[in-house]
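This briefing walks through selected features of the structure shown below, grouped by topic. Please keep the sequence and the model side by side while reading.

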Amino acid sequence: MTRFVATLAALLLSLAALPAHAAVTITFWSHEFGNHFPHAFFTLRGTPDAGGAPVDLNYGFTPKAITPAILFGPVKGRIDIAKRGYMDGSDAQFSLTLTDAQYASILRLVDEWDETKGDNTYRMNSRNCVHFTQEAARRAGLVQVDFPDLMKKPRSYLKAVAAANAAQVTVVDRHGKEYLAALEAEAATPQPASPPPAMIAPATLEAVR
């Protein structure tokens with residue numbers, strides 16, 4: 001029995017020593033004003049459950065050139081990485097936590113729409129930035145993502161998705177500058193040390209010997 005207690009204590013210590021990983025969170029954003037694209041995009045922030053380096057990424061889909069041609073047929077598109085100033089002027093709509101499999105699927109989506117790795121065709125009516133975020137939402141596990149009348153209205157579309165999947169998402173609804181500042185403040189706050197593993201009281205040890 002003494003050997004059993006020693007083994008149990010060693011197991012508790014090993015579990016306490018395991019690193020804690022925060023899963024990757026996807027947040028969906030809209031940008032309503034100006035002539036810039038994308039008008040809808042998403043960010044990926046956190047650390048995969050499997051471990052590895054933290055990620056802080058964002059992706060959208062936009063025409064390679066903003067010309068009248070986008071109104072009349074397919075044009076070349078590209079994956080767009082939003083700069084900080086653009087994000088500051090955008091709105092974070094909602095977020096949810098991804099499994100590692102969902103995170104990997106969304107990264108594949110980015111490759112599938114990339115000009116060097118997949119099909120980068122941009123169509124205003126059927127393959128625009130909102131359609132890109134729609135597919136990301138689907139791969140993130142959301143079921144109710146089809147709102148055909150809103151596919152040219154990024155903010156309205158994302159709000160509709162959030163309302164239809166209320167049990168799965170966390171509504172953010174914050175201006176980008178404020179939201180990003182809050183995330184950075186949270187990341188800069190020292191985290192409390194993990195409590196020591198539960199120890200078995202001496203009296204308990206005596207009882208099981």
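Leaving aside neighbours within four places in sequence, Thr-27 is in contact (heavy atoms within 4.5 Å) with Phe-41, Phe-42, Thr-43, Ala-92, Phe-94, Ser-95 and Tyr-179. This is a predicted model, in which local features need pLDDT of at least 70 and side-chain atom pairs count only at pLDDT 80 or more, whereas totals for chains, interfaces and linings use all residues. Residues are numbered from 1 along each chain as its sequence is written, and side-chain values use heavy atoms, with hydrogens and water left out.

**The chain as a whole**

- The protein chain holds 7 helices and 7 strands, where helices (H or I, at least four residues) and strands (E, at least two) are DSSP runs numbered from the N terminus.
- Read from the N terminus, the elements follow the order α-β-β-β-β-α-β-α-β-α-α-β-α-α.
- Of the 209 residues, 40% count as buried, a term that stands for under 20% relative accessible area, with exposed meaning over 50% and partly exposed in between (1.4 Å probe, protein chains only).
- Among contacts between residues at least 6 apart in sequence, 64% join residues at least 24 apart.

- Thr-27 is found in strand S1, residues 25-30, and counts as buried because its relative accessibility is 3%.
- The side chains of Thr-27 and Tyr-179 are joined by a polar contact of 3.5 Å; such a contact is a pair of N or O atoms within 3.5 Å, and within protein one must be able to donate a hydrogen and the other to accept it, while residues adjacent in sequence count only if both atoms are side-chain atoms.
- Although Thr-27 and Leu-44 are 17 residues apart along the chain, their C-alpha atoms are separated by 6.7 Å.
- Thr-43 lies in strand S2 and is buried, with a relative accessible area of 7%.
- A polar contact of 3.2 Å links the side chain of Thr-43 to that of Trp-29.
- Not counting residues up to four places away in sequence, Thr-43 touches Thr-25, Ile-26, Thr-27, Trp-29, Leu-57, Asn-58 and Met-87.

**Helix H3 against helix H4**

- Helix H3 (residues 100-112) and helix H4 (residues 129-139) pack at an angle of about 155 degrees, with their axes 9 Å apart; axes are lines fitted to C-alpha atoms, for helices over the stretch in contact, and angles run from 0 to 180 degrees between N-to-C directions.
- H3 and H4 are therefore roughly antiparallel to each other, since angles over 145 degrees count as roughly antiparallel, under 35 as roughly parallel, 65 to 115 as roughly perpendicular and the rest as oblique.
- In this pair, Gln-102, Ser-105, Ile-106, Arg-108, Leu-109, Val-110 and Glu-112 of H3 meet Phe-132, Glu-135, Ala-136 and Arg-139 of H4.

**Helix H5 and its surroundings**

- The axes of H4 and H5 come within 10 Å and cross at roughly 15 degrees, which means that H4 is roughly parallel to H5.
- At this contact, Val-130, Thr-133 and Gln-134 of H4 meet Pro-154, Tyr-157 and Leu-158 of H5.
- The buried residues of H5 (residues 154-164) are Pro-154, Tyr-157, Leu-158, Ala-160, Val-161 and Ala-162.
- The cover over these buried residues of H5 includes S1, strand S2 (40-46), strand S5 (91-97), H4 and strand S7 (170-175).
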